[in-house]
Amino acid sequence: MDFLRWLIEAFNSYITVGSSALLVREVVGNVFGLASALGGIRRKVWAWPVGIIGNILLLTVFLGSIFGHDQTANLLGQAGRQIMFIAVSFYGWQRWKSSRESGGSAVIPRWATGTERISLAVVMVVGTVALTPIFGALGSYEPVWADAWTFVGSLLATYGMAKGLVEFWLIWVIVDVVGVPLLFSAGYYASAFMYLFYGCFTLVGFFIWWKAKNDSKPSIETEMPDPTVKVNL
């Protein structure tokens, strides 16, 4: 709690843009998020810790009225997904790091199986339906279902990135389609514009990972014949 309050005070100034004002820590948090996305496209291990820093900053933004003095809307789904990002990012960080240390690539992109795709779709719908009344009871910003949708979709996209699924980029697209209007309506303009940019950016990432998947060739293990073994023809 003290660390979060320190972050709030450290970046509690505003940048004036026309008739609006952007919170500095919201801008900085999204810059770290963009840097993490760039690292993700290049499949760099450092993408995970950089993303974690951005997540911590954005957590203080979306719960600003709780941790600070900002009279802003609480987006519990947006705040919750920052916590989720941090947890899943540690998993992805360790997974990519272990793969790199074993002498291979940090991650080799692959298509999700049919079962995985169905599971992702089911979790997306069921998770949104289940979390909507919970977020509503906790006082999340309307429309609450959109907040729940972005939370569940973000969880699935981050998990898909850790697993190396090419489709995780497309999950980000459907998250942004709902999340961008929600952020604009709630007054989080820096995040809204950044996520709007992400929408285009993720399509680029999708095609780069698609190409990387096609370029990767499965290794075939072969054994040299034992010269001491006689083969009868």
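The bend at a residue is the angle between two axes, one fitted to the seven residues ending there and the other to the seven starting there. The exercises below use a predicted model, in which local features need pLDDT of at least 70 and side-chain atom pairs count only at pLDDT 80 or more, while totals for chains, interfaces and linings use all residues. Residues are numbered from 1 along each chain as its sequence is written, and side-chain values use heavy atoms, with hydrogens and water left out.

**Exercise 1. Describe the course of helix H6, and find where H6 bends.**

Step 1. Helices are DSSP runs of H or I with at least four residues, numbered from the N terminus, and H6 covers residues 114–137, which makes 24 residues.

Step 2. The bend of about 30° lies at Leu131, and Pro133 follows within four residues.

Step 3. Leu131 is also one of the buried residues of H6, together with Leu120, Met124, Gly127, Thr128 and Phe135, where buried means under 20% relative accessible area, exposed over 50% and partly exposed in between, for a 1.4 Å probe and protein chains only.

Step 4. Just after H6, Gly139 takes a positive phi of about 90°.

**Exercise 2. Classify the aromatic pairs Phe85 with Trp172 and Phe206 with Phe207.**

Step 1. Rings of Phe, Tyr and Trp (its six-membered ring) pair if their centres lie within 6.5 Å, and planes under 30 degrees apart count as stacked, over 60 as edge-to-face and the rest as tilted.

Step 2. The structure holds 14 aromatic pairs, including Phe85 and Trp172, which are tilted, at 5.8 Å centre to centre and 50° between the planes.

Step 3. This pair links distant parts of the chain, since Phe85 sits in helix H5 (residues 76–101) and Trp172 in helix H8 (residues 168–186), 87 residues apart.

Step 4. Phe85 counts as buried because its relative accessibility is 8%, and Trp172 is buried at 17%.

Step 5. The rings of Phe206 and Phe207 have centres 5.2 Å apart and planes at 70°, so this pair is edge-to-face; Phe206 is buried at 9%, whereas Phe207 is partly exposed at 48%.

**Exercise 3. Which helix has the lowest confidence, and which the highest?**

Step 1. The predictor's confidence in each residue is its pLDDT, from 0 to 100, and confidence is lowest in helix H4 (residues 64–67), at a mean of 56, and highest in H6, at 94.

Technical notes: Helix = DSSP H or I, 4+ residues; strand = E, 2+ residues; numbered from the N terminus. Expected span 1.5 Å × (residues − 1).
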